[in-house]
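Here are my notes on the model you sent over. Have it open while you go through the points.

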Amino acid sequence: MKQVSTVCARDCYDTCSLKVTLGESEQILSIKGDPANPITQGFTCPRGAKDHERLYENRVENPFIRKGEYFEKAVWEEGLDAVSRKLRETIEKYGPESVLHLDFAGNMGLLTTVFPKRLWNNIGATQTDWALCGKSGHDALALHYGDGYGIKVVEISSMNLIVFWGFNAAVSSPHMWALARKARRERGARIVAVDLRESETAKSADLWIRPMPGSDVALAYGIINYLIRNNYINQEFVKEWTIGFEHLKAEADKWTPGRTERVTGVAWKYVEQLGNAYGTLKPGTTMIGIGLQKCDQGADQVRAVSFIPTLLGLHRGFFYSSGSSFSVNESFISGRALTDKTSKIVNQVALADLVKDGKFKFIYISCMNPAMTLPNQHAFREGLSRRDVFVTVHETHWTKTAQYADVVLPAPTYLEKEDLVIPWGHNYVRYSKRAVRPVTNSRSEIRVMQEIAKRLGLTEDWLYEDAWNSVDLALENALEKGNSQTLKSGEMLTLKTKSENNYSTPSGKIEFYSSIAAEAGLNPMPIQPQLCIEKGKFILLNSATPEYTSTQFQEVYGAIPAVVAMNSQDAERQGIKEGHTVTIANELGQVQAKATISDTLPERVLWCPRQFEGLKENSLNCLMSSTPQEIGNGPRFNSTIVTVARERPKVFMA
Ligand SMILES: Nc1nc2c(c(=O)[nH]1)N[C@H]1C(S)=C(S)[C@@H](COP(=O)(O)OP(=O)(O)OC[C@H]3O[C@@H](n4cnc5c(=O)[nH]c(N)nc54)[C@H](O)[C@@H]3O)O[C@H]1N2
Ligand SMILES: Nc1nc2c(c(=O)[nH]1)N[C@H]1C(S)=C(S)[C@@H](COP(=O)(O)OP(=O)(O)OC[C@H]3O[C@@H](n4cnc5c(=O)[nH]c(N)nc54)[C@H](O)[C@@H]3O)O[C@H]1N2
Ligand code: SF4
Ligand SMILES: [Mo]
C-alpha cells in the first residue's frame, strides 16, 4: 500500500490536507484527512471522503465536438483546432473583448485556475470580477479596515465565545466547527448562532438568535447600543485605533430596545444575553459567514456586525476570509504583471443579460458550472444557446453547462495532477502531489492553454514558461520559511499573514465612519433598510448542504434534492402537505420542487438547498436576480421574493 499526500482543491473554508491510500494496482482505497494539518485534524467531510468514487463517474472521457443536437467524440487535435480556429476568427472579426473567459473556483489550484489565465491576459479577452461568492463582504470590510482579513482560524480553539453569524459552519466549514466544539469541550466556550432559521449550527449552539430576514444591521446596532449603555466598550482602544465613534454612537443610540425588537423580531432579553456574552466572555470571535452577505443589504450586514468585536477592543476580532492577509503575488502567475494589454472586466453576477444580448461571441468556461450557479438562468441559458455564440467547456465531468457547449474538453481532477492550493480560510500550505494517473484522456488546463496559444501563433515566452517558475516568484515574500522546493519535498509550510493592527484605510485607523465610502457616494456607515414582504409572498433562503460542493458530487450522492422547506402554518394556509409538488415562482421564472414541512423556519420564510435543478428542468437559479449589490457587486440570492403554490394534479375529462 502506498500513501500520497495532496490537498483538497475545492472552494471551501477548510482546504484540507489529505492522505490518499492506494492499492496494488494504484487504485484509490481511501481518502482521509491528514492529522498533521491542525485545521484538517485528521478527518474529511462527506465529499472529500468520496472523491475517488467521483473519479470514475460521469467523466468527460474525450474531447467532444457538437454536431447539431449531438456530440461527436473527437481526438485532441480536432478539438483544439476547432476551438483555436473559432477563437482566432472571433478576435479578427469582433475584437478580443468579444471573447469571454468565464471561470471560478471549482478547483482553486494555482496551476489549474491562475496560470492558464496567461492566455486570456495575453489576448486581452474579457474576464469577470469573480463577485459571485464573497466579494461584497470583502469590499464591505475593506471600507472600514482596509482589508477584510481577521483572526487566524486555529485561534478558534482558544476562544471563550464563538459567534457564528450568518454562517452555517457545521455544514459549510466542518473543520472550523470542530475547532469551536473543541473549545466548548475543553474550556467551556459558548457557541452562539445568529441565523434566520434553525440551521445545523443553530441546533447545536448554546444560544440561537433569529432575526427577521434583512434585519441584521438593526440587530448589530441594538447590540452596540447595549454594549455602550453597559460600559462594555473599550474606550482606550476606540480612542487609539478608531475614528468615527461619535457617528456610530449616534446611530446606535437610535436602536432602543423597542425599535430593535420591532425591526428584528428578536426579544430584547436575547440582545442582552448576547451583549453580556460579548462583554464578559473573552477572548471571543465573531465568525461572519459568506451567507450573511448574499442579500440586498449583505455588505451592510457584514459592516455592522464587524463593529461589535472592534468596540470590545479587539484588532480584527472577526473572521470572514483570510485571502487578503497573504502576500502571494498571483499577478506573476496569471500573467497580469507581464502584459500591457488590459482585459475588460465584467460583473459576474450580472452576466446573464450580457450573454443573452450576444455581447460575447466566444465563451471559454473552466472550473465553473455557470448554467446552474449563475443567477437569472433563463437569460443565461438563452445566451449560451445563441447560434452566434461559440461555447467551449473544459470540464472533469459532464455538467449542465457542458450540454450547452460546442466543444467539450476533458480535464483531470485534482487527484490526477500536481498543483499548489492557496487556502482562503487558514494559512497552512502543502504541495498537491498527483495521487493517480489520469483515468480519462484528459489534458491539464496549462497544457490546453499552451496548445491553443501555439495554434494562435502567439510567441511570447511567458506563455510557455514552466509554471513553477512563476509560482516561485509569486511566493517570494509569501511564506514564513521555505519555498516551492521545500513544499515539493512534502513539508507543510505556513503563509505569512499581515499584522492584525495594520489598517490600510486613508487614516491608517479603523474607520467606523468610512471616508472611502463617503468619497464613493456610498453610505459611510451601514444602514438598516425598510423591510416589507408583500402579503402572500415569501422570502426564499438557500444554502450549502453536506453532500455537495455547489453542484459537485451529484455523481456520488444523486441529484441535489429539489425540495423546499416551509413552516407548518404557511403550509396549512397554502393547502400544502409534506411531499406535495409545489411551484415556486416570481417575475423571473418558476421552479417545481417537493415541499417539506419544517418548523426550523419562521413563517413567510422558505429554504432550499442551493443550486438544484427543479423537477421540470428549471433550475433554482432561474428565480435569482442578477442585479448586483451596490457594494462589491455581489449576489442577492437570499433576498429572493417568491410565491409558492401547490401544483394541482391535472384532471382529465372524459
Ligand atoms: N442559488 C444560489 N446560487 C449560488 C449560490 C447560492 O448561495 N445560491 N452561491 C454562489 C457561490 S457562493 C458560489 S462559490 C458559486 C459556485 O459556482 P461554481 O463554481 O459554478 O460551482 P461548482 O458547481 O462547484 O462548479 C465548479 C465546476 O468545476 C469543475 N471542476 C472541478 N475541478 C476541476 C478541475 O480541476 N478542472 C476543471 N476544468 N474543472 C473542474 C467541477 O466539475 C464543477 O462542474 O455558486 C453561486 N451560486
Ligand atoms: N458542504 C458544503 N460546504 C461548503 C460549500 C458547499 O457547497 N457545500 N460551499 C463553500 C462556499 S463556495 C461557500 S461561499 C461557503 C458558504 O458557507 P456559509 O457562509 O455558511 O453560507 P451558507 O451555506 O449560505 O449558510 C449561511 C447560513 O446563514 C443563514 N443566513 C442567510 N442569510 C442570512 C442573513 O441575512 N442573516 C443571518 N443572520 N443569517 C443568514 C442561512 O440560513 C444559513 O444557515 O461554504 C463553503 N462550504
Ligand atoms: S470539501 Fe472542504 S471540508 Fe471537505 S475535504 Fe475538501 S476542504 Fe475539506
Ligand atoms: Mo462560495
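1. For the classes, Ala, Val, Leu, Ile, Met, Phe, Trp, Tyr, Cys and Pro count as nonpolar, Asp, Glu, Lys and Arg as charged, and the others, Gly among them, as polar. Its members are Cys8, Cys12, Asp14, Thr15, Cys16, Cys45, Arg47, Gly48, Pro174 and His175, where being around a ligand takes a heavy atom within 4 Å of it.

2. Before going on, the ground rules: this is a predicted model, local features need pLDDT of at least 70, side-chain atom pairs count only at pLDDT 80 or more, and totals for chains, interfaces and linings use all residues. Residues are numbered from 1 along each chain as its sequence is written, chains are lettered from A and ligands numbered from 1 in the order in which they are written, and side-chain values use heavy atoms, with hydrogens and water left out.

3. Ligand 1 has 32 residues around it, and Glu395, Glu445, Asn542, Thr551 and Asn621 come nearest. For polar contacts (a pair of N or O atoms within 3.5 Å), look at the side chain of lysine 294, with an N or O atom 3.0 Å from an oxygen atom of ligand 1. Arginine 54 also puts a polar side-chain atom 3.3 Å from a ligand 1 oxygen atom. Proline 412 uses a backbone N or O atom instead, 3.4 Å from an oxygen atom of ligand 1.

4. Which residues are closest to ligand 2? Of the 30 that surround it, they are Ser172, Asp195, Asp216, Tyr548 and Ser550. The side chain of aspartate 216 has an N or O atom 2.8 Å from a nitrogen atom of ligand 2. A backbone N or O atom of glycine 291 is 2.8 Å from an oxygen atom of this ligand.

5. Now the helices, which are DSSP runs (H or I, at least four residues) numbered from the N terminus. H9 (residues 216-229) packs on H12 (residues 257-264) at about 160 degrees, axes 9 Å apart. The pair is therefore roughly antiparallel, the label for angles over 145 degrees. In the contact (heavy atoms within 4.5 Å), H9 supplies Ala218, Leu219, Gly222 and Arg229, and H12 supplies Pro257, Thr260, Val263 and Thr264.

6. H2 (residues 76-94) and H19 (residues 445-455) have axes that come within 9 Å and cross at roughly 60 degrees. These two are therefore oblique to each other. The residues in their contact divide into six nonpolar, one polar and five charged.

Conventions
Axes fitted to C-alpha atoms, helices over the stretch in contact; angles between N-to-C directions. Parallel < 35°, antiparallel > 145°, perpendicular 65-115°, else oblique. Polar contact = N/O pair within 3.5 Å; in protein donor to acceptor, adjacent residues only side chain to side chain.
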